[in-house]
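Student: Could we go through this structure together? I should like to begin with the terms.

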Amino acid sequence: MFERFTKDARDVVRGAVERCAVERCAGAGGRTVGPEHLLLALLDRQGSRASFALAALGLADRRDSVREALAQSRRRAGLSRAETDALAGLGIDVTEIVARVEEVHGVGAMAAGGRAGRPGFGREAKRILEQSLRMALAHRDRRIGDEHILLALTTRPGPTAEALADHGVTHASLTRVLYGDAEPKAS
């Protein structure tokens, strides 16, 4: 599948691996490449279809806010707000658990960990890359671009899609910016 990626999409994948490796070296976690690493790599891009779409949706000036939202999710062991709320409904206070763990083990302890060597792709990141192929096919694009990775990130529930949606970047808004309509062409 990687051979179908454009140069921009390959750069995003490489950037995600690099970000994950840097996080591991900084002690901030990073066992495997996750969707958040793909999004962070996309936020670093300039001059690509995804970067233009993000700018058109007003995210250019709010990248730091997205990074902070992802960092907070990572501190909660990657739980989304919806998952945190569901646990609260069961009487489990994730904020309190995080505070207690960090009190004993240090800030970011729930995100820390990892093994030696190059980071591999986690299950969710693999699903995003597979979904990016589906996005390209649905729009009858011959190659998988960074815009397809971005579109895929909006379709999988979790902290990454939540952070994007909180900043006005949804699947529908991206599709409108990238393709001028709200739905992919019928196959």
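Tutor: Buried means under 20% relative accessible area, exposed means over 50%, and partly exposed lies in between (1.4 Å probe, protein chains only). Helices (H or I, at least four residues) and strands (E, at least two) are DSSP runs, numbered from the N terminus. This is a predicted model, in which local features need pLDDT of at least 70, side-chain atom pairs count only at pLDDT 80 or more, and totals for chains, interfaces and linings use all residues. Residues are numbered from 1 along each chain as its sequence is written, and side-chain values use heavy atoms, with hydrogens and water left out.

Student: Which residues are exposed on the face of H3 turned away from its buried side?

Tutor: Phe52 and Ala56 are the exposed residues there. The buried residues of H3, which spans residues 49-56, are Ala50, Ser51, Ala53 and Leu54.

Student: Why are those four on the same side of H3?

Tutor: They lie on the same side because they cover an arc of only 160 degrees around the axis, the arc being that of the directions from the helix axis to the C-beta atoms. In general, an α-helix has 3.6 residues a turn, so residues three or four places apart point the same way.

Student: What covers the buried residues of H3?

Tutor: The cover includes helix H2 (35-44), helix H4 (63-75), H8 and helix H10 (171-179). After H3 comes glycine 58, with a positive phi near 80 degrees.

Student: Which residue other than glycine has a positive phi?

Tutor: Arginine 140 has a phi near 55 degrees. Arginine 140 sits in the loop between helix H7 (123-138) and helix H8 (146-155), and is exposed, at a relative accessible area of 53%.

Student: Now H7 itself. Is isoleucine 128 buried or exposed?

Tutor: Isoleucine 128, which lies in helix H7, counts as buried because its relative accessibility is 2%. Setting aside residues up to four places away in sequence, isoleucine 128 touches Pro35, Leu38, Ile149, Ala152, Leu153 and Arg156; contact means heavy atoms within 4.5 Å.

Student: What makes up the nonpolar surface patch?

Tutor: Leu90, Ile92 and Ile97 make a patch of about 270 Å². Like charges are joined within 9 Å, and nonpolar side chains (Val, Leu, Ile, Met, Phe, Trp, Tyr) within 5 Å. Accessible areas come from the Shrake-Rupley method with a 1.4 Å probe, and for residues only the protein chains shown count as cover. Isoleucine 92 is in the loop between helix H5 (81-89) and helix H6 (94-105), and is partly exposed at 33%.

Student: Where is confidence lowest and where highest among the elements?

Tutor: By pLDDT, the predictor's confidence in each residue from 0 to 100, H6 is lowest at a mean of 76 and H8 highest at 97. Over residues 112-116, pLDDT stays under 50. Where pLDDT is low, the predicted coordinates should not be read in detail.

Terms used: Patch = residues over 30% accessible without salt bridge, like charges linked within 9 Å, V, L, I, M, F, W, Y side chains within 5 Å. Salt bridge = Lys/Arg side-chain N within 4 Å of Asp/Glu carboxyl O.
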